[in-house]
Amino acid sequence: MASRVFPSSLSQSKILKLWGDSSTLKGVFEAGDMSAVATKLQATLYSLENARLDVGITGDTGSGKSTFVNAIRGLGDEDPKSAYTGVVEMTVGPTPYAHPKYPNVVIWDLPGIGAPTFQAEKYLQRVLPARYDFFIIISSESFAAHHAQLACELRQCRKRFYLIRSKVDVDITASRSRRPSTFSEERVLSQIRDDCCRRLEAGGLQDPKVFLLSMFELGKYDFHLLSEMMVKELESHKQHAFLQALPNVSKPILEKKAASLRQHIWLVAAVASGINPSPVPGVRDVACDLHMLIDSLQGYRCSFGLDKDSLATLAGQTGQALHKILEAAQGPETQVTEALVVERLGQASRDASAFTQELLNVPILGTLANCGISFATIYQMLHMSLDEAVKDAQRLLLQAFLDDSEHEDWEDPGSVPRQGGAGGGKETQALALLD
Ligand SMILES: Nc1nc2c(ncn2[C@@H]2O[C@H](COP(=O)(O)OP(=O)(O)OP(=O)(O)O)[C@@H](O)[C@H]2O)c(=O)[nH]1
Ligand SMILES: [Mg+2]
């Protein structure tokens, strides 16, 4: 256990400034006793990571609902955990699909809408709207009166919903081949968007916002805007869990995940140094729960798709050799071992002494006095490990993008196609990923 004692005169406001504006933090510091504090923080951490979330995916028959249910969970259509997709009507009743890595995040594949006799009220009685945190309404053609009717009904029962126009890849390809001399992707997309909004307004829905997607290239078009909005509008205690479950298809998503994980590092460090600490062999003055730290580092890699299962899935989806994918993701370190964590704590302890001194100068951390050096070392180690995972994830995104030779026309640098090859091999665009 650390021996350094910190002055206890740090004001609450300074702590909050240092580690983010958190009312939980304020409460636990007021409580005083470190092990009690750590126990409270542990509960906070658990509820952040395991918040339950249910998303209902609805829309026209054949619009791509099941394909989206798979893609948003990072799966292709052939994975054993995938929803059935195809050209004949497949989805007949509400079916829950748990995220393969975050089972607390459940995506519901709902029955199709759109028969001429469609009645939104009856449909909602059948799928039970109270069950879902929000809905996604998909159409692969222009929106029509029944979409507007469903959206208005949801608005009336105060349920959030997002409107997706799918299969825009088909529109882009058709337009490019039919009118090559005047083709502009931006113009086609804006025409689709305007037309969808106009029809929804004509159906009685005020201020509609429509996101354009291709379920086959999820990172392209409006997916990051959609993700941003879905996360922003969620209740705050569910945001972290949902963000971590999002597929790693574009740089903005990687950045948002990293920011959320970074924001909670202090929590992990306080719990790992405050509950069941044992001395770390070879790292002076540092005691912690090593198992918890192994789980945290593994959690970082898992969230960024750097775990073995995700890498194998990505290799399958992009058609690349697994060894190339592993190389990009720092293969040997996909397994987080105790030895690796101890080694990193050793590295961090050198930087952490400077960090600790900085804290002392503030002055800081009266209530963390008993485990100050451990806390600072773990805090530092988690930052280093997270930064490394982010770099690996960016390299992986780049690798998936660069090696494709099938989609020469793929132009968006910010995404990885979901399956069947990864981008056009345009190096300058790919490098923009790492800007
Ligand atoms: N080109 C293209 N095809 C898509 C896209 N999304 C889905 N598809 C294809 O459209 C067909 C129908 O997709 P599904 O995901 O099964 O549609 P669904 O809405 O679940 O259909 P039901 O369950 O029958 O109501 C499949 O052949 C998909 O591969 C997309 O964004 N672009
Ligand atoms: Mg379906």
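Modeller: Two residues are in contact if their C-beta atoms, placed from the backbone, lie within 7 Å. By that rule, 70% of the contacts in this chain between residues at least 6 apart in sequence join residues at least 24 apart. This is a predicted model, in which local features need pLDDT of at least 70 and side-chain atom pairs count only at pLDDT 80 or more, while totals for chains, interfaces and linings use all residues. Residues are numbered from 1 along each chain as its sequence is written, and chains are lettered from A and ligands numbered from 1 in the order in which they are written.

Colleague: How many helices and strands does the chain have?

Modeller: There are 18 helices and eight strands; these are DSSP runs numbered from the N terminus, helices being H or I with at least four residues and strands E with at least two.

Colleague: Is arginine 158 buried or exposed, and how do you know?

Modeller: Arginine 158 is exposed, because the count within 10 Å is 7 other C-beta atoms. Its place is the loop between helix H6 (145-156) and strand E5 (160-165).

Colleague: What share of the chain is buried?

Modeller: Buried residues are 45% of the 435.

Colleague: How do you know that the buried residues of H14 line one face?

Modeller: In H14 (residues 308-318), the buried residues are Ser310, Leu311, Leu314, Gln317 and Thr318. Looking down the axis of H14, they fall within an arc of 125°, so they line one face of the helix. That arc is taken over the directions from the helix axis to the C-beta atoms. Just after H14, glycine 319 has a positive phi of about 70°.

Colleague: Why are H7 and H8 called oblique?

Modeller: The axes of H7 (residues 168-178) and H8 (residues 185-202) come within 10 Å and cross at roughly 130°. Under 35 degrees is roughly parallel, over 145 roughly antiparallel, 65 to 115 roughly perpendicular, and the rest oblique. H7 and H8 are therefore oblique to each other. Their contact involves Val168, Asp171, Ile172 and Ser175 of H7 with Glu185, Val188, Leu189 and Ile192 of H8.

Colleague: What makes H10 oblique to H11?

Modeller: The axes of H10 (residues 236-245) and H11 (residues 251-263) come within 9 Å and cross at roughly 140°. That angle makes H10 oblique to H11. His240, Leu243 and Gln244 of H10 make the contact with Lys256, Lys257 and Ser260 of H11.

Terms used:
Axes fitted to C-alpha atoms, helices over the stretch in contact; angles between N-to-C directions. Buried ≥ 20, exposed ≤ 12 C-beta atoms within 10 Å, placed from the backbone.
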